[in-house]
Amino acid sequence: GLFSVAPGKKVRFSQGNLQYTTVGSHACADGTTKAGTWRFAAHQYDIVFNGNDNISSNYTGWIDLFGWGTSGYNKCYPYLTTTDGSIYGPSGAYNLTGDSANYDWGVYNAISNGGNVAGKWRTLTKDEWEYLLKGRDNASSKIELAMLNGTPGVVLLPDSWAPPSVIDRYREDRAGSAVLPVEYPSNEWCMMENAGAVFLPLASFRDGTTYNARLFPDVYGRYWSSVSTGSSNAHSLDFSGKLRLSSGTFRYDLNIVTSNVNRSTGQSVRLVCDEVALPDLVSPDEEIR
């Protein structure tokens, strides 16, 4: 699906959240080859959970909660755990041009199941996240809490949404009250996914080498933007779902805020690629020179 992130600007999301292991090697935008392998999760709902507690340069499993700007460029490795936020990425406001762009995971690294070339993917800016979630046409009707394969998260619907009937039915069933986020059976989620829907799993966050588990029914997750503030912090989008008593009825509300977070905090990363305009087709009777 195509998602507007600014007037006249659309993106497509990667198939899942970003993941990393120290095993293997990959090409980088500066022409070097570095240790480790980057990939997108096989399914949109896949998250590593407390496997992130094992984060280190010697850990051979997968991690998916990263400090800000830890693409591997300029010694900002994805397994950094120091709480000194000033050593993560460039100081000052993040600039998506020049060398600073290499601190972006998708700009700098080849991603094994994402085309395997550097520069294909990127991180959304703070303003792009906010426009996607609150500024595009009918934004509020294109986002909702859900459960997939037992994982809580947020469903985002693309700009031109021609829904399978299943989502309308679920929304009618939940009208007025929603004790829990809707859980889509796998076959029905496949219908939605094929129609362009995106799922952002809410994986909470990592503090140092400790995974901060938020137990159901309260759910929480953070996604990095590409915008820093000062030398130690950066902007993230915080998603939280909580049961609330409203007018005598328990409702499951979704709250989305922009936070200014220390760069050392381990958070989820979901990359996008910009919409590419296709060349005009040449008619069969037009001479090709």
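## A walk through the predicted model

Let's start with a sheet: four strands form an open arrangement in the order S7-S5-S6-S8, with mixed pairing. Its edges are strand S7 (182–183) and strand S8 (198–201), each of which pairs on one side only. Keep in mind as you look around that this is a predicted model.

How do S6 and S8 run relative to each other, parallel or antiparallel? Strand S6 (residues 151–156) and S8 are antiparallel, and four bridges join them. As background, strands of a sheet pair through backbone hydrogen bonds, either parallel or antiparallel.

Next, the nonpolar cores. The largest one has 22 residues, and among those with the most contacts inside it are Phe 13, Trp 129, Leu 156 and Phe 239. Helix H2 (residues 126–135) provides the largest share of this core, three residues. In soluble globular proteins, nonpolar side chains tend to be buried together.

Not counting residues up to four places away in sequence, Trp 129 touches Phe 13, Leu 124, Leu 200, Tyr 223, Trp 224, Ser 225 and Leu 237.

| Side of H4 | Residues |
|---|---|
| Buried | Glu 188, Trp 189, Met 192 |
| Exposed, turned away from the buried side | Ser 186, Asn 187, Asn 194 |

Just after H4 comes Gly 196, which takes a positive phi of about 110°.

Finally, let's visit Ser 264, found in the loop between strand S13 (249–262) and strand S14 (272–274). Is Ser 264 buried or exposed? Its relative accessibility is 8%, and therefore Ser 264 counts as buried. Leaving aside neighbours within four places in sequence, Ser 264 is in contact with Gly 67, Thr 82, Thr 83, Gly 85, Tyr 88 and Arg 206. Trp 68 is 196 residues away from Ser 264 along the chain, but their C-alpha atoms are separated by 6.5 Å. The side chain of Ser 264 also makes a polar contact of 2.6 Å with the side chain of Asn 262.

Conventions: Residues are numbered from 1 along each chain as its sequence is written. This is a predicted model: local features need pLDDT of at least 70, side-chain atom pairs count only at pLDDT 80 or more; totals for chains, interfaces and linings use all residues. Side-chain values use heavy atoms; hydrogens and water are left out. Helices (H or I, at least four residues) and strands (E, at least two) are DSSP runs, numbered from the N terminus. Buried means under 20% relative accessible area, exposed over 50%, partly exposed in between (1.4 Å probe, protein chains only). Contact means heavy atoms within 4.5 Å. A polar contact is a pair of N or O atoms within 3.5 Å; within protein, one must be able to donate a hydrogen and the other to accept it, and residues adjacent in sequence count only if both atoms are side-chain atoms. Two strands pair if DSSP finds at least two bridges between them. A nonpolar core is a set of buried Ala, Val, Leu, Ile, Met, Phe, Trp, Tyr and Cys residues joined through side-chain atoms within 4.5 Å.
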